[in-house]
Amino acid sequence: MPLPDGARSPGDVCRGARAGSRGGGHTNRTFVFDDGRCAPRQPGAGDGVLLDTASLKMSDLDSEVLPLPPRYRFRDLLLGDQSFQTDDRVQVEFYVNENTFKERLKLFFIKNQRSSLRIRLFNFSLKLLTCLLYIVRVLLDDPALGIGCWGCPKQNYTFNESSSEINWAPILWVERKMALWAIQVIVAIISFLETMLLIYLSYKGNVWEQIFRVSFVLEMINTLPFIITIFWVPLRNLFIPVFLNCWLAKHALENMINDFHRAILRTQSAMFNQVLILFCTLLCLVFTGTCGIQHLERAGENLSLLTSFYFCIVTFSTVGYGDVTPKIWPSQLLVVIMICVALVVLPLQFEELVYLWMERQKSGGNYSRHRAQTEKHVILCVSSLKIDLLMDFLNEFYAHPRLQDYYVVILCPTEMDVQVRRVLQIPLWSQRVIYLQGSALKDQDLMRAKMDNGEACFILSSRNEVDRTAADHQTILRAWAVKDFAPNCPLYVQILKPENKFHVKFADHVVCEEECKYAMLALNCICPATSTLITLLVHTSRGQEGQESPEQWQRMYGRCSGNEVYHIRMGDSKFFREYEGKSFTYAAFHAHKKYGVCLIGLKREENKSILLNPGPRHILAASDTCFYINITKEENSAFIFKQEEKQKRKGFSGQGLYEGSSRLPVHSIIASMGTVAMDLQNTECRPPQSSRGSGGGKLALPTENGSSSRRPSIAPVLELADSSALLPCDLLSDQSEDEMTPSDDEGLSVVEYVKGYPPNSPYIGSSPTLCHLLPVKAPFCCLRLDKGCKHNSYEDAKAYGFKNKLIIVSAETAGNGLYNFIVPLRAYYRSRKELNPIVLLLDNKPDHHFLEAICCFPMVYYMEGSVDNLDSLLQSGIIYADNLVVVDKESTMSAEEDYMADAKTIVNVQTMFRLFPSLSITTELTHPSNMRFMQFRAKDSYSLALSKLEKRERENGSNLAFMFRLPFAAGRVFSISMLDTLLYQSFVKDYMIPITRLLLGLDTTPGSGYLCAMKISEDDLWIRTYGRLFQKLCSSSAEIPIGIYRTECHVFSTSEPHDLRAQSQVSVSVEDCEDTREAKGPWGARAGPGGGSAHGRHGGGGDPAEHPLLRRKSLQWARRLSRKSPKPAGKAAAAEWISQQRLSLYRRSERQELSELVKNRMKHLGLPTTGYDEMNDHQNTLSYVLINPPPDTRLEPNDIVYLIRSDPLAHVASSSQSWKNSCSNKLASCNPETRDETQL
């Protein structure tokens, strides 16, 4: 569109304004008036911004440029700007001082990195050329042909060794060819002009500072004489020390490297720069000495350039052969000067190099980008690296064969610890582990670790910090920084507090320490030694621990500890491929019977959720991913069939029982070179002999086989589910029956519980779990156990009249993680009669939000007190408790000496162990190595033998050397650091965290089962073996057993043993007492009224001491031992027997004193003393966990079997009413006292 006359576009105006200042470079900036006018640039402006608009007159500007009509203002019309009449724009030019000629030269030669780099490279090349020309001149010059100035007659000179006079002519004059002189003059002129220009550009007011610089002086010495020879011809043969240009070349090289780093915007290693400077310094010293001595010796022996070089090397290396020596004093003086310079310069260079080397050793240097592109590596980010954490990570990470070629890069902000440094120097780790000192919050450090090329990044929290919330905040920032820098790098994050977990939910895998800890401790109260079971499952082991021990339980326990969770696609599996289209329980039983593997869960191809024991109604498909427990994964297993099995495989039928009286196959498991050879014997099944028994219990003895000599038969596991023959509905139907029909002995009114989701979660991100809840929230005053209120007047646990034993939790504060202790104990699948009162013994008063979260749960109370206060323990009802859980206190997690952090907890628990010997105490420790102090007996020789066994296993490279400690094997001690391997295993097994959360009850997936336990009684021993128990449970209630918690009688001798083999003679298993059992008849029936509730809770959390069966067995064993043992012979044996008797009397008197102390305190507090049993002691038993034992393992009385029970709500909606009626009729025939638990 044409413009009106006299009007110009804003672009024309601006271009016209810039026309007068063109050439100012890219640094010019302009502000333009909104009406299109440009502000004129003021001449002589200095540095900075020109904003002199006050001197401008608007009339002058208007006379120069007319404003545009509104229709040409597209921006104002589009934006709706109505103030264009008064809106003015002003042109402002920045950095106008750089438009001068000097500034442009300065920008080109000095400021601009790229152009300056080219200039320095050209200068460096010139200096090298001058040194090369000097060498050429030396090689072409021969003093024997004559010496003199340019154009003068040549004179011959011969060195006279006997004369002390020096002829200076060979030193002052040299022979220089015309062409060589011309080239040197041209190079000198260029160098001189460049030097003067740089002096002019870098002038800052002090000319003498520029003149007396060493580089300027050397430049003048090497250039001015050549320029003078242009005008004074006789001086063209004058000697000029051009070889000194090597120092100027060194200086130019340093500047060039600096400019190069600035140009590419990267920081090169300071070590590289220092090594380069040192090398150049040595080279310049040798070159200067070689050329100087060669030239001075022209007046002496006339040494060649090679001979001079040889002399300098021999001299500077302090060898000094003496075959070549300077003959005249000038050359000798030069050697002295060069040696002095070397003694001053080289030590300074070496000192700087050593300092940088030490600093690099501390910081770790860089991880090579070439290695990052060709090799695989993972990064471990920690706040402070301790030796225990490092070894746990390395042992677990490199336990997997496919990770052997991985590198581990440790990124830690602190300096490397002495112990860590010592370990990383071991050849096993030095080639695979790289330590970098740096912060994950700095991109430079993440770049050093090559985070963007990493296969994974593990971010661990510092659990030893006093402020654990602050430690979580640091972890969150690290996770954010890594995600921002390398969004494609998989993140494995460990968090401490559950309320901080949602900040890192973007991570691929997250493990919350307090969530797992409290859920595990809660399950320990109802499923004994759950902590040991989970710890063994998440540790990588080959089951070789304890195999050289003479103790049978140690060999079995060590072999079963090698079982882990693996996965495989069903269509690709030899274990499970033949069960496609069959029910889950059918496949689980037959895979265990045939291969010894325990199928625990699966995942559908179209569903990402893992289901544990989905039940018999779940039909397996070829695309399912199966999860199983075995000593090794199927890919590393070899299958060896018996000859008769090969002949009968075609006639195999999967629905029968074992033929005749043939026992279950013995699976010989050989873990060698990563391969398991499974010896598969005859697995052919026979048709069922009889129908199922009509008893209500799942393991009830069939009546038709009760009086026969034949072994009782077990119903087969059906290929497809028969809904009328299953019992999972008992967990739902018996609830309503319990609520409608209260017990006859209940004198108090029954509080109706409801099932629902807790209305108040204490933190964001908690998984919703269906629980038993109160219809109405309890008032906060009613949650206080030891103080009455207007609603009730109870002030101690006895007054409440609880039917079940208490569970007491001792913690420092009521953190949000404590909520996860309550939820598994109040889950909907637990019978109402199994619910134990929970008492929270807190050092500090809980806040309002925590009370709001727990007030909806039934029988949950709190009181203020400490575990080291006897009065607090008695008021909390410890004499009515079966389980006491002592949680590690945050305030004691850090100590001046690392391993002393558990001192207070250990001593307090030891005191309670002496005061209340029948109490099952589960303790959390900070350091796993301190578990050897739990239940410490100074003169217990068996514990000393176990200590030796632990040391031997550690020397053999075991990751589970502490597993044979009796408190850990029995599940009475636990350290959260043992679960660190859960996060490490997730790198190879990404399903381990979901499976662990399902087992602990932290997540509840619809259709997935849960972990529970059942106890084997005397009446259940007709099943005989674990394999038959597996079949019985699968056929009757669709439950999958995964392990056994076994308790054995044991006598702990106080004598010092010679070895562990001597102790094996006093270790008595249950099988040793079978003759006593047969002679005495069946062992006592269940406990009385006091023991009924304990039996209803699976024996009070599986504590072996409280069972009369074991105590009676121990007494029978002692009597038999006293009858069989010979009389004490000799004085030594008599003295030993007397000392044992005295010790027994001492212990008895000590227990009596402790009993009196406790009873006196109870009387002082007004508490009844009838419930205190001071003599009930469980110091004569040991317990351990057997994970997935072989099918032929014999069951023993009081074995507690771990079960994965199917979800009772999975198929409730599809169940018919008749099925419900039949199921309720079956339950009605059960004993009401035992219907609410998995009764055998």
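A: Among contacts (heavy atoms within 4.5 Å) between residues at least 6 apart in sequence, 77% join residues at least 24 apart in the protein chain. The model is predicted, so local features need pLDDT of at least 70 and side-chain atom pairs count only at pLDDT 80 or more, while totals for chains, interfaces and linings use all residues. Residues are numbered from 1 along each chain as its sequence is written, and side-chain values use heavy atoms, with hydrogens and water left out.

The protein chain has 42 helices and 27 strands; these are DSSP runs numbered from the N terminus, helices being H or I with at least four residues and strands being E with at least two. Of its 1240 residues, 52% are buried. Buried means under 20% relative accessible area, exposed means over 50%, and partly exposed is in between, with a 1.4 Å probe and protein chains only. The protein chain exposes about 56,500 Å², and carbon and sulfur atoms supply 56% of that area. Such areas come from the Shrake-Rupley method with a 1.4 Å probe, and for residues only the protein chains shown count as cover.

Now to the charged pairs. Side chains of opposite charge can pair when their charged atoms come close. A salt bridge is a side-chain nitrogen of Lys or Arg within 4 Å of a carboxyl oxygen of Asp or Glu, and the count by this rule is 26.

One of these salt bridges joins Glu515 and Arg997, with 2.9 Å between the closest N and O atoms. Glu515 is in helix α20 and Arg997 is in helix α34 (residues 992-1000), so that the pair links distant parts of the chain, 482 residues apart. Glu515 has 1% relative accessibility and therefore counts as buried. Arg997 is buried too, with a relative accessible area of 10%.

Another salt bridge is formed by Lys594 and Glu578, whose closest N and O atoms are 3.4 Å apart. Lys594 lies in helix α23 (residues 584-595) and Glu578 in the loop between β7 (564-569) and α23, so this pair ties together parts that are 16 residues apart in sequence. Lys594 is buried at a relative accessible area of 8%, whereas Glu578 is partly exposed at 35% relative accessibility.

Arg784 and Asp786 also meet in a salt bridge, at 2.7 Å from N to O. Arg784 and Asp786 are buried.

Helix α20, where Glu515 is found, spans residues 513-526. Cys516 is buried, with a relative accessible area of 4%. Its sulfur is 6.9 Å from the closest cysteine sulfur, that of Cys512, so the two are too far apart for a bond. A disulfide is a pair of cysteine sulfur atoms within 2.5 Å, and the count by this rule is zero.

Most residues other than glycine have a negative phi. Phi of Ala529 is positive, near 60°, and Ala529 counts as buried at 2% relative accessibility. Ala1038 has a positive phi as well, about 55°, in the loop between α35 (1026-1036) and β25 (1040-1049). Its relative accessible area is 0%, so Ala1038 is buried.

A nonpolar core is a set of buried Ala, Val, Leu, Ile, Met, Phe, Trp, Tyr and Cys residues joined through side-chain atoms within 4.5 Å. The largest one has 203 residues, and Phe397, Phe458, Tyr557, Phe576, Phe821 and Phe857 touch the most other members. Helix α20 gives the most to this core, with nine residues. Leaving aside residues up to four places away in sequence, Phe576 touches Ile568, Met570, Ala591, Val597, Leu599, Cys626 and Tyr628. Apart from this core lies another of 27 residues, including Leu411, Ala486, Cys489 and Ile495.
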